[in-house]
Amino acid sequence: MVYDSVRKEQPNISLGTVYRNLSFLVDSGKVRKIFTGMGPDRFDGHINRHFHFICRCCGNVDDLDVTPEDELLEKASLRCNGILDSYELQFFGKCGSCLSKNE
């Protein structure tokens, strides 16, 4: 998806160049990589802590604007033999579009 958008502006750009730049943006903290468990990785420019809803049917990823449980990291740290400094939490299900297609 990113590659197709960039190619409209830069028709000679290679897929490798796009992924190298995305990796650079992830490493520099300007973009988050989202592992959906299906298909290619996704990238998110919204880097503040938030959750995602991932549709198991179409693979669509939506931001969930819910307040993260501040206690979650603290509680997990108590059960971990190490030091935790972050976490990722994703919700999976079927999106409204996919639900309406099945009706």
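Predicted model: local features only at pLDDT ≥ 70, side-chain atom pairs only at ≥ 80, totals over all residues.
Residues are numbered from 1 along each chain as its sequence is written, and side-chain values use heavy atoms, with hydrogens and water left out. The pLDDT is the predictor's confidence in each residue, on a scale from 0 to 100. The protein averages 87, and 96% of the residues score at least 70. Helices (H or I, at least four residues) and strands (E, at least two) are DSSP runs, numbered from the N terminus.

Strand β3 (residues 51–55) pairs with two other strands. Pairing requires that DSSP finds at least two bridges between the strands. Four bridges join β3 to β4 (residues 61–64), and these two strands run antiparallel. Phe-51 stands opposite Leu-64 of β4. His-52 faces Asp-63 in the same way, as its opposite residue in β4. The two strands form a hairpin with five residues between them. In the turn, Gly-59 has a positive phi of about 80 degrees. Four bridges also join β3 to β5, but here the strands run parallel. Cys-55 has Gly-93 as its bridge partner in β5.

Burial is defined by relative accessible area: buried is under 20%, exposed is over 50%, and partly exposed lies in between (1.4 Å probe, protein chains only). Five of the five residues of β3 are buried, so the strand is largely enclosed by the rest of the structure. In a regular strand the side chains alternate between the two faces of the sheet. From β3, Phe-51, Phe-53 and Cys-55 point one way, and His-52 and Ile-54 point the other way.

Contacts are heavy atoms within 4.5 Å. Not counting residues up to four places away in sequence, Val-61 touches Ile-34, Thr-36, Arg-42, His-52, Phe-53 and Ile-54. The C-alpha atoms of Val-61 and Cys-95 are 9.3 Å apart, with the residues 34 apart in sequence.

Two salt bridges were counted. The criterion is a side-chain nitrogen of Lys or Arg within 4 Å of a carboxyl oxygen of Asp or Glu. One joins Arg-32 and Glu-88 (2.8 Å, N to O). Arg-32 lies in strand β1 (residues 32–34) and Glu-88 in the loop between α3 and β5, so the pair ties together parts that are 56 residues apart in sequence. Arg-32 is buried at 14% relative accessible area, whereas Glu-88 is exposed at 56%. The other salt bridge links Lys-33 and Asp-41 (3.7 Å, N to O). Lys-33 is partly exposed, at 32%, and Asp-41 is partly exposed, at 31%.

A nonpolar surface patch is formed by Leu-72, Leu-89 and Phe-91, with about 220 Å² of accessible area together. Patches are made of residues with over 30% relative accessible area and no salt bridge; like charges are joined within 9 Å, and nonpolar side chains (Val, Leu, Ile, Met, Phe, Trp, Tyr) within 5 Å. Areas come from the Shrake-Rupley method with a 1.4 Å probe; for residues, only the protein chains shown count as cover. Phe-91 lies in strand β5 (residues 90–93). Phe-91 is partly exposed, at 37% relative accessibility.
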